[in-house]
Amino acid sequence: MYPSDLKVDDNLKKSSLYSHELAPIPHSKRTWNKWNLAALWVGMAVCIPTYLLASYMMRAGLSWQASIIIIGLANLVITVPMALNGHAGVKYGIPFPVIGRASFGTKGIHLASIVRAIVACGWFGVQTWIGGLAIYSIVNTSLGLDFSPELGILKFACFFVFWLVNIFFIWKGTESIRWLEDFSAPILILIGILLIGWGLKNAGNFTEVLQSSVQLQKPTVTVHTETNSNAIYGNLDPIRDLKGDFKATHYQISIPTASADSMLEWTDIDKSNPSFAIKNLNPALFDKLNKGKSVLKISFKDDAGNISSAVPIKMYSSTAGSSKIWDYILWFTAMVGFWATMAISISDITRYAKKQSDQIQGQFIGLPGTMIFYSFVGIFVTSASILAFPDVLVSEDAPWDPVSLVAKFKNPGVVIFSQIAMLIATLSTNIAANVIAPANAFSNLLPQKISFRKGGIITGLVGILICPWWLMDEISSILIFVSGLLGPVLGILMSDYFIVNKKTIHINALYDSKGIYSFGGSGINKIAIYALAFGVFGALIGFWVPSLSWLYSFSWFTGFFISFGVYAILMKKKKAVLTDF
C-alpha cells in the first residue's frame, strides 16, 4: 500500500523546496525490481577496496577464514539498517535529502546531506583518477610505451576522458545508471571466476593455494635482542613454494651508517636453521630497534637473480588470545562502516523500487554475497600469485591489489583486458555510490535552480578540485574518518521514521517552507542537531580520553546508538509537552 497523499499539492509546486526530480516518484513510473537492485550492489561492491579488504586483514595476522567470516557478518549486519532506511524511499518515492527534512528540518538537512555529498565527491575524484590510470595503461600497452610513475599530460588526458564517461551517465539520468549496473554485474562476476581460474591453473588446487595463504599472515623476519651485547637475533621466513622450500636462497642486510647504508655480503639461507645474528650493533641503532623503529632492512634473492624489495626489520611481539578477539571486533566494526555512507542515502536508490520486497531482497541478494565473493577472490588470487610469480620472494612483494597484479603480466592482450575490467568495475561503483547521493544533495540546496544533472556536474567538478593525483592517500584516510562519524545521521533518520513518527511522513509538509517540518520557521530541528552533536562527541571522545578509547574504536556504532536514543527521547518529550499544552 502507498500513501494517498503521494502527490504534492499544486500550490506547493512553486515552493523553493520543490522540484520535479525531488518530488515523489509515482508507483507507475518505478522501473527497478529486486534484480536491478541486486545488480546495482554487485556493481558497487566489485571495486579495488573490496578486493583488498580480506588481504589487509590477513596482513594484520587474521586467517583467511576469519577474514571472510567477519566480512560476511559485517555486511549482513549493515544490510539490515540499509533495508530499514530504504523503507521510506519505497513507501514515499522521495530521496534522502527530502526524507531528512522530516527529522533535521527543511534547512537543517543541508548539514547532514552536504557532509555526505562531500565524502562522495572525494571518493568520486579518487575513483575517477584510478579509472584514468586504467585508460593510461591501455594506451601505453597498445602503443608499446612504458608506464611512467610521473604526472604528465597523457595521464591528465586519460583522467579527463574517464571523467567525461562518468558525466555522460550522469547526464543521461537514472535509467542509464540502471542499464550500466545491469550490464556490468554479470561481467564483473565472470571476471572474478576467471581470476580464480587463473590461480588454479598457475598455482595448484584450491587446498594448496589456500594453505599458502598462511604465508601472508606471517612476518618475513622476526627478531629479538640481547641487551648485554647489543646483539640481534632474527628468524627468516620468506615465501615457500608448493614443495615447502624457500623460493629465496640468499639474504642481505642493510645497516645505516653516518654516510650511507652499509650492505653486508649476500649470505646463504640455512634451510635447517633460517636465521641470522648481528652482534655489537651500534648502540644508537640498537636502542631505536628496541623502541620499535625499523633501522635495519633485509633483502632476498634467488638463484635466477630475482631480488626482493628491502623489508624493514622490526621487533616481533606475539598476539595474546584476548587481544586477538579485540582485533576481530575492531575489524568487524571497520567492515560495518565500509558502506555506512550508502546506508544514509539508500532511499536515493530505493525510491525507484516497485515494492518493499524488491528493495529488501535485492539488497540482501546483492550486497553480502558479492562482498564475500570478491573478498575471497582477492584472498585466493593474492595467495596464488606468491606461488605463480617467481619474482615474489617475500609477502611484502605480493601483488595485493589488482593494479599490481596486472603489472606482472607481460602479455599485452591480458593487460588490456584486465584494465578494461577495472574500468567497468570503477565506473559502476563510481556512478552508483558516488554520484546519485551528492547530485541529490546539491539539488536540494536550490531545488528550483539545481537539477539532478547540474548536481552531478557539481559533483564531478569538486572531484577535480580535490586534486586526487596529489592527495589520494591523504584524502582516502580523511574520508574514511569522516564516514565513521556519519553513524549519528543514520541513527537520527531511523529514530525519527520508525520510533517517533511510526513510518508516517506528511508529503506536502516536506515541500512547505512554513509547514511542520520548518520547525517554527527556522527550518532547523534543534533536537536533531543536539542528537547529532551528542553522537559525534560520543564517537570522538575516546580519541582524547584513553580510558574511553573503545568508544572511538566503535565510532560508527557509538554515534549511531547515542544519536538514535537521544533523538527519540527528546522528541517524545517535546511531543508530550506540546500535547499537554
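This is a predicted model: local features need pLDDT of at least 70, side-chain atom pairs count only at pLDDT 80 or more; totals for chains, interfaces and linings use all residues.
In which sense do strand E3 and strand E7 pair, and over how many bridges? Strand E3 (residues 250-256) and strand E7 (residues 296-301) pair in the antiparallel sense, over 5 bridges. Residues are numbered from 1 along each chain as its sequence is written, and side-chain values use heavy atoms, with hydrogens and water left out.

**Strands**

Helices (H or I, at least four residues) and strands (E, at least two) are DSSP runs, numbered from the N terminus. Two strands pair if DSSP finds at least two bridges between them.

**Aromatic rings and charges**

Rings of Phe, Tyr and Trp (its six-membered ring) pair if their centres lie within 6.5 Å; planes under 30 degrees apart count as stacked, over 60 as edge-to-face and the rest as tilted. The model holds 24 aromatic pairs by this rule. One of them is the tilted pair of Trp129 and Phe156, with 5.9 Å centre to centre and 55° between the planes. This pair links distant parts of the chain, since Trp129 belongs to helix H7 (residues 109-143) and Phe156 to helix H8 (residues 153-172), 27 residues apart. Ring pairs also link Phe332, Trp556, Phe557, Phe560, Phe561 and Phe564 into a cluster.

A charge sits over a ring if NZ of Lys or CZ of Arg is within 6 Å of the ring centre and within 35 degrees of the ring normal. Two such contacts are tabulated.

| Charged residue | Ring | Distance from ring centre |
|---|---|---|
| Arg59 | Trp400 | 4.4 Å |
| Lys408 | Phe389 | 5.7 Å |

**Accessibility and backbone**

Buried means under 20% relative accessible area, exposed over 50%, and partly exposed in between (1.4 Å probe, protein chains only). Trp129 counts as buried because its relative accessibility is 5%, whereas Phe156, at 30%, is partly exposed. Pro412 lies in helix H17 (residues 412-434) and is partly exposed at 45%. From Pro412 to Lys514 there are 102 residues in sequence and 63 Å in space, C-alpha to C-alpha.

Asn280 is a residue other than glycine with a positive phi, near 55°. Asn280 stands in the loop between strand E6 (275-278) and helix H11 (283-290), and is exposed because its relative accessible area is 65%. Lys503, likewise not a glycine, has a positive phi near 65°. Lys503 is placed in the loop between H21 and helix H22 (507-510) and is partly exposed at 34%.

**Cavity**

On a 1 Å grid over the protein atoms alone, a cavity is a set of points where a 1.4 Å probe fits but cannot get out; lining residues have an atom within 4 Å of a point. The count comes to 1 cavity of 30 Å³ or more. About 40 Å³ of space lies in the largest cavity, a volume being the space filled by probe spheres set on the grid points, which are joined across faces, edges and corners. Its lining consists of Ile99, Ala102, Ser103, Leu493, Asp496, Tyr497 and Ile505. Helix H6 (101-104) and helix H21 (487-500) each supply at least two residues of this lining, and H21 gives the most, with 3 residues.

Key:
On a 1 Å grid over the protein atoms alone, a cavity is a set of points where a 1.4 Å probe fits but cannot get out, and a pocket is an open set with protein on both sides within 12 Å along at least five of seven lines; lining residues have an atom within 4 Å of a point.
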